[in-house]
Amino acid sequence: MGRLYNQEPMLGVLIAMTLAGWSEPVTVTGTLDGQTATGTLRIYVPSKAGKLPLVVALHGWNHTPEQWIKTDDLGPLAEKYCVVIAMPAMGKSVYETKLYPESRPTGLGLPGARWVGEVILPWVQKHHDVTKDTAVIGYSTGGRGAVLLTRLYADFVFAGSVSGTFDLSKLEPTEAEYKIHASVFGPREKFPERWAHNNITN
C-alpha cells in the first residue's frame, strides 16, 4: 500500500501516515525568481524507521514517474537498501538551468534543474526524515540532469546516469535529441553560448 497524504488547505500542513511504499502524486508548489509553479512528486518510503538516505530519481524527456514505476519499479531496491526515493514529474524538461524567450513549454514553466535543486530537494528534506547527503539518478535527459545537479548543488554527492546526454556539441541537428534541446535553448548555431552554458562536459 502506498503512503497516504492529506493536505490541510488553510494551514498547508502535510500529514503523512506511516505506511511504506509509493505515495500517490503529491503536489509541490515553489517559486524561482518571483515566478511560482506547481508540480507533482512520487515518494517511496521504506518500512524501516529513522533518518534515511535520499535518492532523487529523474525520468527522461516527456516521460512520467508513473511510467518509470510501471516499467522498472525502484521500490524493491529502496526497500532493500533502506532509502527514500523522490521522483518528481518533470514533463519535457531537459533539466535546463534557465529558460529563454524561444523556449517552448516544458510543463513546469520554470528551469528544470533549479526546480529539482531549489524546490523539490528542500521540500523533501522538510517533510521527510532524510540525511542531508543526497544521491541523484536518472536516465536519458534525466541522466544528464543527475550529473548536472551534482555540479550545481552541494547536497547532491552522488550521480548515477543511464544513457545521459552529456556533450551537447556532438548532437546533430537531424537527431531527435538535438531537437528536444533546441526546443529549450533555441537553435545551436544561433545561440551557441546557451548550449555551451548547459553542456556538462565543460
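Let us begin with Ser103, which, leaving aside residues up to four places away in sequence, touches Ser183 and Val184. Please keep in mind throughout that this is a predicted model. Ser103 sits in the loop between β7 and α3, and with a relative accessibility of 18% it counts as buried, because the cut-off for that word is under 20%. Its side chain reaches the backbone oxygen of Val184 at 2.5 Å, and a polar atom of the side chain of Ser103 also lies 2.9 Å from the backbone nitrogen of Tyr100.

That brings us to the aromatic rings, where the count comes to six aromatic pairs. One of them joins Trp22 and Tyr44, edge-to-face, with 5.4 Å from centre to centre and 75° between the planes. This pair links distant parts of the chain, since Trp22 is in strand β3, residues 21–22, and Tyr44 is in strand β5, 22 residues apart. Both Trp22 and Tyr44 are buried.

Because Tyr100 lies in the loop between β7 and α3 while Phe185 belongs to helix α5, residues 176–185, the pair ties together parts that are 85 residues apart in sequence. Tyr100 counts as buried at 13% relative accessibility, and Phe185 counts as buried at 0%. Tyr100 and Phe185 also belong to one aromatic cluster with Tyr178 and Trp195.

Next, two backbone angles. Where does Tyr95 lie in the chain? Tyr95 is in the loop between β7 (84–88) and α3 (112–127), its phi is near 60°, a positive value in a residue other than glycine, and it is buried, with a relative accessible area of 1%. Asp33, in the loop between β4 (26–32) and β5 (35–45), likewise has a positive phi, near 50°, but Asp33 counts as exposed, at 68% relative accessibility.

Finally, the second largest pocket, which has a volume of about 150 Å³. Its lining is made by Val55, Leu74, Leu77, Ala78, Val83, Ile85, Ala135, Ile137 and Phe158, and the elements that give two or more residues to that lining are α2 (75–81) and β8 (130–139). Which classes of residue make up the lining of this pocket? There are nine nonpolar residues, no polar ones and no charged ones.

Terms used: Residues are numbered from 1 along each chain as its sequence is written. This is a predicted model: local features need pLDDT of at least 70, side-chain atom pairs count only at pLDDT 80 or more; totals for chains, interfaces and linings use all residues. Side-chain values use heavy atoms; hydrogens and water are left out. On a 1 Å grid over the protein atoms alone, a cavity is a set of points where a 1.4 Å probe fits but cannot get out, and a pocket is an open set with protein on both sides within 12 Å along at least five of seven lines; lining residues have an atom within 4 Å of a point. Grid points are joined across faces, edges and corners, and a volume is the space filled by probe spheres set on the points. Helices (H or I, at least four residues) and strands (E, at least two) are DSSP runs, numbered from the N terminus. Ala, Val, Leu, Ile, Met, Phe, Trp, Tyr, Cys and Pro count as nonpolar, Asp, Glu, Lys and Arg as charged, and the others, Gly among them, as polar. Buried means under 20% relative accessible area, exposed over 50%, partly exposed in between (1.4 Å probe, protein chains only). A polar contact is a pair of N or O atoms within 3.5 Å; within protein, one must be able to donate a hydrogen and the other to accept it, and residues adjacent in sequence count only if both atoms are side-chain atoms. Contact means heavy atoms within 4.5 Å. Rings of Phe, Tyr and Trp (its six-membered ring) pair if their centres lie within 6.5 Å; planes under 30 degrees apart count as stacked, over 60 as edge-to-face and the rest as tilted.
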